[in-house]
Amino acid sequence: MKTISTSQLRSRTRSLVRTLENGTTVSLTYRGHKLANIWPLKLKSGVRADDPLYRFHRLSSKFVKPLTDRQIDRLVYGG
């Protein structure tokens with residue numbers, strides 16, 4: 001994920017559009033604090049490579065005990 005400030009957004013809007021066209025998510029900050037995420041609507045591959053649900057199956061194993069709902073939420077949503 002790329003990060004851009006609101007002041008950079010004003011001066012480099014075309015660069016942001018190109019970044020989104022390439023399928024990269026952009027985090028927008030204001031005075032050093034995260035304000036929003038901007039996701040591209042159409043992706044060439046259909047799914048972002050860093051999508052947690054897309055790669056969730058890689059976290060499973062039949063040799064360990066199942067995860068709790070709370071542990072799954074942390075893996076998927078962070079925290």
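A: In the hairpin of β2 and β3, two residues lie between the strands, and Arg31 there takes a positive phi near 55°. Strands here are DSSP runs (E, at least two residues) and helices are runs of H or I, at least four residues, numbered from the N terminus. This is a predicted model: local features need pLDDT of at least 70, side-chain atom pairs count only at pLDDT 80 or more, and totals for chains, interfaces and linings use all residues. Residues are numbered from 1 along each chain as its sequence is written, and side-chain values use heavy atoms, with hydrogens and water left out.

Q: How many bridges join β2 to β3?

A: Five, and the strands run antiparallel. Two strands pair if DSSP finds at least two bridges between them. Tyr30 stands opposite His33 in β3.

Q: How many residues of β3 are buried?

A: Zero of its six, residues 33-38. Buried means under 20% relative accessible area, exposed over 50%, partly exposed in between (1.4 Å probe, protein chains only).

Q: And what share of the protein is buried?

A: Buried residues make up 16% of the 79 residues.

Q: Switching to Ser5. Why does Ser5 count as buried?

A: Because its relative accessibility is 19%. Ser5 sits in strand β1, residues 2-5.

Q: Which residues is Ser5 in contact with, leaving aside neighbours within four places in sequence?

A: Leu28 and Thr29. Contact means heavy atoms within 4.5 Å.

Q: Last one. In what order do the elements run?

A: From the N terminus on, β-α-α-β-β-α. That makes three helices and three strands.
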